[in-house]
There are 2 protein chains.
Amino acid sequence: MNLKKIQRAIISVSDKTNLKIILPILKKYKIEIISSGGSFKKIKSMNYNCIEVSDYTGFAEMLDGRVKTLHPKIHAGILNIRKNYKHKKDLKKRNIKNIDLVIVDLYPFEKKLEEKKKFQNLIEYIDIGGPALIRSAAKNFNDVTVISNIADYPQLVTELKNNNGAASFKFRKFMSSKAFSLTAYYDSVISNWLNLEAQIKFPDKKTIHGKLKENLRYGENPHQQGSLYMGEGNLELKKLHGKKLSFNNYNDIYAALEIINSFNKNPSTVIVKHANPCGVSCEKNQLSSFQCALECDPLSAFGGVVAVNSVVTKKMAIELNKIFFEIILSKGFKKDALRILKKRKNIILIDYSKLNLSYKNHYQFLGSAFLAQDPNDILLNRKLKIVSKKKPSAKQITSLKFAFNICKFVKSNAIVLANNKSTIGIGSGQPSRLDSCKIATNKALEFVPEKIKNSVAASDAFFPFPDGIEQLTEAGIEAIIQPGGSINDKRIIKAANNAGVVMAFAGIRHFKH
Amino acid sequence: MNLKKIQRAIISVSDKTNLKIILPILKKYKIEIISSGGSFKKIKSMNYNCIEVSDYTGFAEMLDGRVKTLHPKIHAGILNIRKNYKHKKDLKKRNIKNIDLVIVDLYPFEKKLEEKKKFQNLIEYIDIGGPALIRSAAKNFNDVTVISNIADYPQLVTELKNNNGAASFKFRKFMSSKAFSLTAYYDSVISNWLNLEAQIKFPDKKTIHGKLKENLRYGENPHQQGSLYMGEGNLELKKLHGKKLSFNNYNDIYAALEIINSFNKNPSTVIVKHANPCGVSCEKNQLSSFQCALECDPLSAFGGVVAVNSVVTKKMAIELNKIFFEIILSKGFKKDALRILKKRKNIILIDYSKLNLSYKNHYQFLGSAFLAQDPNDILLNRKLKIVSKKKPSAKQITSLKFAFNICKFVKSNAIVLANNKSTIGIGSGQPSRLDSCKIATNKALEFVPEKIKNSVAASDAFFPFPDGIEQLTEAGIEAIIQPGGSINDKRIIKAANNAGVVMAFAGIRHFKH
């Protein structure tokens, strides 16, 4: 166990709640307390003995508290190696006492950042003395116990009780790990904020941070352990019914919400399976948008995730209930709708009306290396460049823009067929663009052949050869949008003209891997 | 500009090289230097004036240097707000002087970690005083300049020269951002190491870190900026020929290397397009493995990434040159092979023989939130569970294992058809398993119909319905492997028995999204 008796503690906590949990136990084991500023006052007011840091060091607190504990008598008391004879002599000579327990709660920088305090104000919430204390103690965990989170008070109490006022090696090492996780996290929050302020998008040294939200039953597969972490703020998903969300649930939910979040007020539905949309529609009302999204690929929709950007009505609940979906996401549920849907035990119902999806970077991991990039936050809104002889109707233009914007959310190579503002065939995740064309047209021919007339196609990247165009036009597609920019553009445009269809260039590429 | 004249600097550097860059300029502008330990000795040995920290603070360095600069006279000199009258009075009263420039180089913890030093030894490389100095100065960047990287010395010299011994607000803020990026990174390295040691897989506060390796031309799409970061170590790719690698190149290269890295010594080839394999083969020699991988989908292979786990010979180079590939990865190239391949300007040649792909976690980002999980590092090696009446031949068993292991690397839903140890059809990225079956069988029927006899199929997850089985067996597949575990397993096995084919359960799932 390698127990270390605790004789002296330093307490410097920004959040002074719950000291009542630890003070009696420190007293019981006759642990001397050194403290400063507000923590000192609080402990004294609770009628516990406490030595003020300045009395101990002989150096009064200064600069409105900016410098309190940064003193060699404190840090040498923490950092000395107890079994080192020279260290022991050093300490004795200068009348420095061992500090065996360090309890620190840092200034709440992140909380103040979330409260959107002003720059100058935030600077004051960068703790200097606290991290120094924590790091000294965490480094010297072989002799010292560090508590860096007030939530760990009960664990400390148990540890001291179990070991008659001492702490075990395992406990000290565990708390040291927690301490360095905290100081890393704390500075990562500051660093990401300052880099944003200083407009440094890709700093030489980059840290990404997250708070553990929940441990999942397992990861992407049962033999992998997995957890969910939150970065800036929370996703703000309110689960109203159903079992615990899984790794793949979260992945699919995010895919669905990213799409539905890209639409404005029109009633819209997105159905996702394996992180790819298999039906998307923006229609006049909730029910018709759902039906249009569903008929795009009713087979794949089975067991999928459905997101609608409105409050689910009773009528809609009855329709939803006819098919097995794993998750329904909406901006709320009418009471009677909830009653109907809750009858299914295996369904998960989530209200996402307070959704928080904002973020500044996207990361793709290649083992321990990673690619960092801007999120793809462009949607096609500008005037289209028409490169074909045939010009599109106003309805076709709307439809082309809709289809192209859906491409952004489909794994590459992506081909999206749309009629008005509903998908009628989605080809995803193929190494060849021609194959994605085939998949998309086969879907449309299988499930909604009557909708192919007056339909359009969108491609996430340019067509390298005319074969894809031929595949689409032979199936009856009348207008095609793509980024343009291939060395074969002339041949591609010619193929569109030969087929008598519209071709538009978007000037944007939407690869997603 | 808000220039701040620098009167006094503290220098505490672990790496003492290149001090000659800054010392003359500090002298020129009559900047007083305070220093300690080795830095002090080095500066004196270079014949520059310097005050020892202990002389300044009146507190001798102690604990073998564990406590040197952690003194209120130092930190108050850095942290005081220059325009604050009370702070000024505080300083004067205690005879503390302003420190306007902090130059620190931290103990090289990460370097020692990479050198695999022992635990106790590594602890000694955790810098305590250095981060405290850096953080004090970075917090007070409104008055103080911090240099936290010796590579920034030339920038400091330019800044001082341009401003006659002063530093601008912009420079101070920029250096402050860099400083917090460094302290966050430094503690993230320590924290991840300690968490691993303490077996904390998912800590409450998690940080992920990387070093900027290169700024890329753009991200996944031209309207996104992108960069590559390295985590533990480096990928160790040696580019021998061709243009700069792009975001998507790196993504594809990683996909290809993950697969090829999963094979043992047999000569193998992997062809990747849009992060999905479109041909994989392990055969008797380099050339035949390449040919088998290529014929699986020669259309998709166009412009793809090829990885081979051997040294490219002249014969192979001639074959490779017949098709347009964007990237060739190998364990080296014979001289004459290199000469042949280099004739193409648009080809990128990479030697990956020192590849470093080890990592402990996989991260999937959902905006600023992220899913953390174990990497999927299981390959199927154990005895198969045969659930069909028909039993597999030894050759089929080898082929079933090969196909199932390839599934791991194909985006879900994944279906992989294989003949011996070569893929003959890959269905990827579909919301429905049936569609992946169709894609895979259509590929085989189109490109290698003669190889379908004696072939097998693997599915990354269980079949929910018998339709997929029917699709595969109708195309001529003779053995199927899948994880098993559906409530419809009985019906699935019956379908296999009805078709007279082998069915094996792997007991492992290989979702990849």
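## Basis of the model

The structure is a predicted model, in which local features need pLDDT of at least 70, side-chain atom pairs count only at pLDDT 80 or more, and totals for chains, interfaces and linings use all residues. Residues are numbered from 1 along each chain as its sequence is written, while chains are lettered from A and ligands numbered from 1 in the order in which they are written.

## Overall form

Chain A contains 19 helices and 23 strands (DSSP runs numbered from the N terminus: H or I of at least four residues for helices, E of at least two for strands). Its radius of gyration, taken over C-alpha atoms, is 31 Å, well over the 24 Å given for 513 residues by the globule rule, so chain A is more spread out than a compact globule. That rule is 2.2 Å times the number of residues to the power 0.38. Along the principal axes, the C-alpha atoms fill a box of roughly 95 × 55 × 40 Å.

## Domains and their contact

An automatic or database assignment divides chain A into domain 1 (4-197), domain 2 (236-351) and domain 3 (385-505). The centres of domain 2 and domain 3 of chain A, taken over C-alpha atoms, are 27 Å apart. Their contact (C-beta atoms, placed from the backbone, within 7 Å) involves 18 residues from domain 2 and 17 residues from domain 3.

On the side of domain 2 that touches domain 3, helix 11 (247-260), strand 12 (276-282) and helix 12 (286-295) of chain A each supply at least two residues. Strand 12 gives the most, with 7 residues.

How values were computed:
Contact = placed C-beta atoms within 7 Å.
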